[in-house]
Amino acid sequence: MTHSSDSVLVLGGGIAGMAAAQTLGDSDVQVHLVEAADHLGGNAASWACMATDECRQCGACLADDMAHQTGCHKNISVHLNTSLDRLEKTGNGFAARLTSGETVTPGRIILATGFTPFDPSVLSSLQFDNQDKVITTAGLNQMLKTETLTDFLGNAAQPKIAFIQCVGSRNRKLDRDFCSQVCCKISLRHSDKLLHLLPDADITLYHMDLQTIGKETRCLAADLSTRMTLAQGVPAEILTDPDTGRLRVIVEDPDAGTRVARTFDLVVLSIGMSPSEELNRLAGQLNVRPNHWGFFNTPDASLADGIHVAGCAAGPKDILGSRQEGWTAAAAVLKELGHDPAQKADVLVWGDGHKADAIARTLAENGHTTVCFGRGTASDRLTFMDPGRILSVDGTAGRFTVRYEQDGGRNTLTCRAIIAAPEPEYRTVADQAALSGALDLTVFASIPAGKLPEQIAFLLDYFAPETKTGSRLALNTALEARNTGRKITVIMNKMLVHGALGQQMYDQARKAGVKFLRYNAPEDILIRKTDTGFSLTLDEATLPGTSVTLHCDQLVIPKVPVPGPGIDNAARLLKQEKDREGFLQSPNVRHRLTQSPRKGIYFAGPAHDDVDDTDLSAELDGIMADLDFPGPAQNAGVEINQKKCAQCLTCLRICPHQAIFLNEKDRPEIVPNACFGCHLCVVNCPALAIESTSSAPDQVAAQIEKGQTVILACQRSAALAAGSLALPDPIRLISVPCASSAGVNLMLKLLVNGAAKVIVAGCHDGNCRSMNGSTKARKEVSRVQTTLPGIPPDKVSWHSVAANETQKLARIISDTRISSKDL
């Protein structure tokens, strides 16, 4: 069979491949999604949920949600257990022969083949092939997902567990001198999950440099440092105790200055990413040339015309980064195929600084009429203005109204989208009198080589954990100064080696003679101003009990961004949550990396995340992909019955998406393009004027039979988890738009209609697409349990169940049936 159309072939059905396919399909492009495995989702589909008492933002649940959406898409043909067999270049595209025997003639190809986990068997000293208690992070994921870890540990209440980082990463001997970007975050989340399941576990994480990169990762690492051991230095060998059979990890003991053996019950190898085996097979046919690692993340890699790459096929990255690259690759394809919109959205850039300036100019260069709240130089499609004091931001996607006060008068600006990029405040050397004479890194970096002093010290992580921009600029500047013959010392808590070339740059600096010293905390450093410069005395972390003193002509310290009034003001006016550190944007994976629950509002730059210039460029590509190709409007299934409406405006206040506005008659009206269909307004309308066209309480209650246990399952979490379960007869699962739609009214109707029990199952706190839907649902369940007379508390219950927690849902159902029999 031959499929002949202006279609796109996506090779790989993981996160990036599915994101690309959905974006293309939403623009009415026919997509052939080819996946070698028997399921969609890639590696992420086998990962466990890392939630504890709340979501830990791993994003693994997105694989199941995206697989469901992809499989149901009318414009996507999914080819499982299939690979590319042969490819020929045609006049305007390609003829692709699949192993299924089908031929596809696509106009473009997106390469999204993902990655293959590193095989630790090649490191024989780690005993992976010889010891069943030496497992990988992938193996631990599987045990957590299937809830078999406790049995594997022999039901030990206080197991000793070690994580060993950088197995297959940052290894020059294996020609793998790159950081896999995600391993530290994964192991930190794993440790957090294990301590949640096994509170008395004794966990040690051995690392080279803990890469605390990513939103709220610094917070998680700081919290875990009080509950487990974070040990700098990677063990060289694992042995087996001949008497007990337990594992003995050989590590350097800095106190004794010798190697010692630490005993553990389980060792988890944090394995890095390797290029996909499928990519290795396809590279020749596609006429693409990956770099010597097998990725496309360095200038020496190349792609053929008409072929794009996304996700981990391009280079190591996490789930959210892969999803974003899938979107942007699809947007690039759509433009090449002539789908670029003739009229682009006008955008307001909320920020006054060089990052906001760069954002605004990029938007204008790409055809968006842009206003920037700053003081730059105007150009075609770009206007700068000082708004004075911003009073309010009303509306939603496509219809924002910004009111501001300027020069004593009040003005109004309208736009279709807003990018929040206010400049954060910075902690600098100028803030501390004791550092008088020290230079900010950006100032020092501008000094000509001929005017550099002889001895220079760079002090990192001093004001706060270092940022990607600060650490990379420090490493670059230190290396450049060393190459002019200066004596350079870098004093650090850790070195961030993000990006494709981060590890190579670190190695190059060491080889060039840059000296690196480590410290544990700022109080371990004593800084004195001298007549000729500075004297620094520190407790060297790798030599406990030993103080090291060095003298330098110039001390250089990077500035560190901190939340300030500008961020607080933007969060308040845009009605957006902040993260734990006080920066813009909730960490909720449903909307990151750049989007928000209020459609049309985006985030970019250091005010919302630790981003460098490469990240900022990727953020803008993702934002413009969403602006240019938003997809078709969705039917939210919610309507306001104006005859019943009492104009109390409860809906206006409660909507988490700001999707309801007052029309010209001062009556509430729903904006379909902005509504996520959570039904929170339906549940909370006092006049019952907001009605559901699909999940009205009477409609739902009519579906059950007497004696059934009813599970009201969020369609993006628990309902997906139930997909592969064979539910026993007494269990009736009903998919609902959001757990928040399961209000008291619905639960009571179900009980009145004869339900034996009602279980409400939704997202973990912090994972709900409507932000606080799970919290509100849990409160509704509590109201029924505690305030309504005549209803036993065990008649209704709440459970957090992610889309990838099928085993957890099966356990909940099993426990419910057992308790019902006991009654």
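This is a predicted model: local features need pLDDT of at least 70, side-chain atom pairs count only at pLDDT 80 or more; totals for chains, interfaces and linings use all residues.

Student: Then is Asp-346 buried, exposed or partly exposed?

Tutor: Asp-346 has a relative accessible area of 25%, so it is partly exposed. You'll find Asp-346 in the loop between α8 (319-336) and β18 (347-350).

Student: What does Asp-346 touch, apart from its neighbours within four places in sequence?

Tutor: Setting those neighbours aside, Asp-346 is in contact with Thr-369, Thr-414, Cys-415, Arg-416 and Ala-417.

Student: Now the big picture. Which domains does the chain have?

Tutor: The domain assignment gives domain 1 (7-114 + 276-336), domain 2 (120-271), domain 3 (347-424 + 567-628), domain 4 (426-562) and domain 5 (695-822).

Student: Let's take domain 2 and domain 4. How far apart are their C-alpha centres?

Tutor: Those centres lie 30 Å apart. The contact between the two takes 16 residues from domain 2 and 18 residues from domain 4.

Student: And how much area do domain 2 and domain 4 bury between them?

Tutor: About 1,400 Å², with 49% of it on carbon and sulfur atoms. On the domain 2 side, Asp-177, Asp-209 and Ile-213 lose the most area to domain 4, together 30% of what that side buries.

Student: How many salt bridges and polar contacts cross that interface?

Tutor: There are two salt bridges between domain 2 and domain 4, and eight residue pairs in polar contact. By class, the domain 2 side that touches domain 4 has six nonpolar, four polar and six charged residues.

Student: Which residue forms a salt bridge with Asp-507?

Tutor: That's Arg-172, and the closest N and O atoms of the pair are 3.0 Å apart. Asp-507 also turns up among the buried residues of helix α12 (residues 502-512), together with Gly-502, Gln-503, Met-505, Tyr-506 and Ala-509.

Student: What covers those buried residues of α12?

Tutor: The cover includes α11 (468-482), β28 (487-492) and β29 (515-518). Once you reach the end of α12, look at Gly-513, which follows the helix and has a positive phi, near 105°.

Definitions and conventions:
Residues are numbered from 1 along each chain as its sequence is written. Side-chain values use heavy atoms; hydrogens and water are left out. Domain bounds come from an automatic or database domain assignment. Contact means heavy atoms within 4.5 Å. Buried area is the accessible area (1.4 Å probe) that two parts lose on being put together, summed over both. A salt bridge is a side-chain nitrogen of Lys or Arg within 4 Å of a carboxyl oxygen of Asp or Glu. A polar contact is a pair of N or O atoms within 3.5 Å; within protein, one must be able to donate a hydrogen and the other to accept it, and residues adjacent in sequence count only if both atoms are side-chain atoms. Ala, Val, Leu, Ile, Met, Phe, Trp, Tyr, Cys and Pro count as nonpolar, Asp, Glu, Lys and Arg as charged, and the others, Gly among them, as polar. Buried means under 20% relative accessible area, exposed over 50%, partly exposed in between (1.4 Å probe, protein chains only). Helices (H or I, at least four residues) and strands (E, at least two) are DSSP runs, numbered from the N terminus.
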